[in-house]
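Work through the exercises below with the sequence and the 3D structure at hand. Try each task before reading its solution.

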Amino acid sequence: MSEAYLHRWIDGSAMDRPVGKIVCVGRNYADHARELGNEVPSQPLLFMKGANALCSLHEPLVLPQGQGPVHHEVEMVVMIGERLSGETDLETIRFAIAAYGVGLDLTLRDLQSRLKEKGHPWERAKGFDGGAPVSGFIDARGISVRQNLEVSLEVNGESRQHGHTGQMLFPTFELIAQINQVFTLEPGDLIFSGTPAGVGAAFTPPKWLKAGDRVRLEIDQVGMIENEIVTEPGNTRIG
Ligand code: ZN
């Protein structure tokens, strides 16, 4: 039985923030939107994952079985520290951010494509248990998010995703302002801020995550995590 997920600092100590909702952004890097043949949006494309999706990026990653390929999306994750509701002032938003981390927005891409075709919600492809691994967090006061931070993901030493936060169509504070017009944000809520180019579907043939893969995720100033993909051992998950 796996331990219940808790938000943690990068040194592994527990954070004094409750686990809440996860608001995710699709197509927030123009080059990633184009590589999947999508329009570049004029408003952020938002979707959510529940707390059930959270797990530690520092423990071996278990992928769902029998539902098609699981694709990687490395993302900068923002943790909210103060309640925000309908906020538009970017300085207020800046000071309401508690911490930053590295996240992996795991995606059942074939299933997502089928759901999209039918106009159905994406939760089956995005919100499954363990679909939102996150690293330990770094205090926001130590991060200059306005800088152009490099975001990258390697699988078995091969570069797969690479970009800079400066390529975000909706930069962090503006993105949160837009989200906050729809969703009140509470301490401990997370924002997955979108993924740069190089998701598996961009490769010919497509590439995805497999058991035994070694992944390396890095965001300047925020952290570097090396981890391994494992296969779920049968239908034994009970906790
Ligand atoms: Zn994503």
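The model is predicted: local features need pLDDT of at least 70, side-chain atom pairs count only at pLDDT 80 or more, and totals for chains, interfaces and linings use all residues. Residues are numbered from 1 along each chain as its sequence is written, and side-chain values use heavy atoms, with hydrogens and water left out.

**Exercise 1.** Find the protein donors of the zinc ion.

Step 1. Donors are N, O and S atoms within 2.8 Å of the metal (3.2 Å for Na, K and Ca); water is not among the atoms, so sites may look incomplete.
Step 2. Glu73 (OE), Glu75 (OE) and Asp105 (OD) lie 1.9 to 2.1 Å from the zinc ion.
Step 3. Along the sequence, the spacing of these donor residues is E-x1-E-x29-D.

**Exercise 2.** Decide whether glutamate 75 is buried or exposed.

Step 1. Buried means under 20% relative accessible area, exposed over 50%, and partly exposed in between (1.4 Å probe, protein chains only).
Step 2. Glutamate 75 has 0% relative accessibility, so it counts as buried.
Step 3. Glutamate 73, at 5%, also counts as buried.

**Exercise 3.** Describe the surroundings of glutamine 161.

Step 1. Glutamine 161 is in strand E12 (residues 158-164); strands (E, at least two residues) are DSSP runs, numbered from the N terminus.
Step 2. Because its relative accessibility is 0%, glutamine 161 counts as buried.
Step 3. Contact means heavy atoms within 4.5 Å. Leaving aside neighbours within four places in sequence, glutamine 161 has contacts including His72, Glu73 and Thr195.

Conventions:
Helices (H or I, at least four residues) and strands (E, at least two) are DSSP runs, numbered from the N terminus.
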